[in-house]
Amino acid sequence: MALVAHGQGAGDFASLRAEFALPESFPPQALAEAEVVAGDPLSCPGRRSDATDLPLVTVDPLGAKDLDQAVLLTRRGRRGFRVHYAIADVAAFVVPGGALDAEARRRGQTLYLPDGNVGLHPPMLAEQAASLLPGVVRPAVLWTLDVDAEGEPCAVRVRRAWVRSVEQLDHDSVAEALRAGTPHPSVAALPELGRLRRERAARRGALEPQVPEQRIRAEPEGGWALVRRLRHEVEEWNAELSLLTGMVAAKLMIEAGVGVLRTVPEAGDDAVDWLRRSARTLGVPWPDSAGVSEVLAELDPADPASLALHAATVRLLRGAGYTAFDGEVPESVGHGGIGSPYAHVTAPIRRLVDRFATEVCLAVTEGRDVPEWARRSLPELPRLMGLSDTRASRVERACLDQVGAWVLAERVGTTFDGVVLRFDATGSAEVFVRNPPVLVRCADVTVPEGSEITVRLTEVDVADRRMCFEQA
């Protein structure tokens, strides 16, 4: 049962927004530009093919309005699958060098707070004119990917098109329909292709640590609860479509010698050896011939020792950033977590870099020069996205800590069950408390990583979002 924060102050994130100087609105000039293009999405400039006959559907969290992607999966007999993946064409609405473009560069990405989003683009675009809402014609960038029977892409086409989603689905409704044997025809092949792509991910050495994820839930009676977020199997399969598209996009840009990639350095041998030693200490089996991804795939994340090893694996994925190039391709272009070069192209409503990377891919596949407005911006994108990612991470952490402090404010002296995930350089332990699901630091812990532990809450400072625990 989730613990719920009620009472005065619980639910007010205004001070947090002020602390991080989050914008409350868009500049008048940016809104004016958005109003002009949002009034009639069908008037977007540029040549497009008509793909409104494709029965595309969106699959997103329940209640989502900023719909970036719509999909149609078909089987190609024994030869594999065809993936039609329509991505909102945000570039059709944003004038390069205009006020809206400048504001998007300042923001970098949409920030999701419990009491409302701080959007990359105004709601009239993000949730209406540019969003791939069901039953309306929208401009999109349509990726058509042929995937062979082994799950590998073998052909790609990228074009601007008019599309019309026929239905808005969510993860739960897709899962329920699959269990009932009545899936929507457009995603009936999702389990087969999703599993195939996840098998390929393990083979190429992709790392996906299953660390405890916290989620803030608004309660019907008011207040907030912290709950553990369990990733939906349908969500994992759906994510594979985005990963597939991003890997194909990266390959296109590398071959053309121009673009911007999402990069994470591969873990060195010393880091992997350290993780092997951690597994041995935790009592987690690690066959000599197995790679990190193969070991993680066999673990039950609910097991305390396995949970600690997953948390330790996060250390292998340090140094995430963006790499832009124009001419000479950098030596290091891989993404250590994915096991392949990768680019962000599937969420342009919510993330700045996707608009530019998509424009590069369109130009490359059409055999024309990359538009100057996009090419000129490439060197600046790693810095802008780095600042944005840092801000987003800090805001998310602050929201979780704030709700955690609200939830626990009246429970000083109470003991909680948890798992020791890891120790830092100072000797403090990171402990995952099971209910409410909070990640806390605890000094003077006497049990090793991977151990179950009982901790006592000794102090809560709601204003500073601080919770202090000790081993009970």
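**Overall form**

Modeller: Let us begin with the whole chain. With 472 residues, a compact globule would have a radius of gyration near 23 Å; this chain has 23 Å, so the two agree. Keep in mind that this is a predicted model.

Biologist: What does the C-alpha trace span along its principal axes?

Modeller: The spans are about 65 × 55 × 50 Å.

Biologist: How many helices and strands does the chain have?

Modeller: There are 13 helices and 20 strands.

Biologist: What share of the contacts joins residues 24 or more positions apart?

Modeller: Take the contacts with a separation of 6 or more. Residues 24 or more positions apart account for 72% of them.

**Inside and outside**

Biologist: What percentage of the residues count as buried?

Modeller: Buried means under 20% relative accessible area. By that cut-off, 52% of the 472 residues are buried.

Biologist: How many side chains are positive and how many negative?

Modeller: The chain has 53 positive and 67 negative side chains. The centres of the two sets lie 3 Å apart.

Biologist: Now the nonpolar residues. What should I expect of them?

Modeller: In soluble globular proteins, nonpolar side chains tend to be buried together. Here the largest nonpolar core has 56 residues. Those with the most contacts inside this core are V71, L73, V83, W143, L241 and M253.

Biologist: Which helix gives the largest share of this core?

Modeller: Helix α7, residues 233-256, gives nine residues to the core. There is also a second, separate core of 35 residues. Its members include L111, V118, V440 and I453.

**Single residues**

Biologist: Let me try one residue. Is S388 buried or exposed?

Modeller: S388 has a relative accessible area of 1%, so it is buried. This serine lies in helix α13, residues 381-408.

Biologist: Which residues does S388 touch, leaving out those up to four places away in sequence?

Modeller: S388 touches R107, G108 and Q109.

Biologist: Where is V95 found?

Modeller: V95 is in the loop between β5 (81-88) and α3 (99-107). Its relative accessibility is 46%, so V95 counts as partly exposed.

Biologist: How far apart are V95 and P265?

Modeller: Count along the sequence and they are 170 residues apart. In space, C-alpha to C-alpha, the distance is 34 Å.

**Backbone exceptions**

Biologist: What is the general rule for phi and for peptide bonds?

Modeller: Most residues other than glycine have a negative phi, and most peptide bonds are trans. Now look at some exceptions. A21 is not a glycine, yet its phi is positive, about 50°. A21 sits in the loop between α1 (14-19) and α2 (28-38). With 64% relative accessibility, A21 counts as exposed.

Biologist: What is the phi of D444?

Modeller: D444 has a positive phi of about 60°, although it is not a glycine. Its place is in the loop between β18 and β19 (452-461). D444 counts as exposed, at 68% relative accessibility.

Biologist: And the peptide bond from N435 to P436: cis or trans?

Modeller: That bond is cis, with omega near 0°. P436 lies in the loop between β17 (429-433) and β18 (438-443).

Note on methods. Residues numbered from 1 in each chain as written. Predicted model: local features only at pLDDT ≥ 70, side-chain atom pairs only at ≥ 80, totals over all residues. Heavy atoms only, no water. Helix = DSSP H or I, 4+ residues; strand = E, 2+ residues; numbered from the N terminus. Rg over C-alpha atoms; globule rule 2.2 N^0.38 Å. Buried < 20%, exposed > 50% of the residue type's maximum accessible area, 1.4 Å probe, protein only. Contact = heavy atoms within 4.5 Å. Lys, Arg positive; Asp, Glu negative; His and termini not counted. Charge placed at Lys NZ, Arg CZ, Asp CG, Glu CD. Core = buried A, V, L, I, M, F, W, Y, C linked by side-chain atoms within 4.5 Å.
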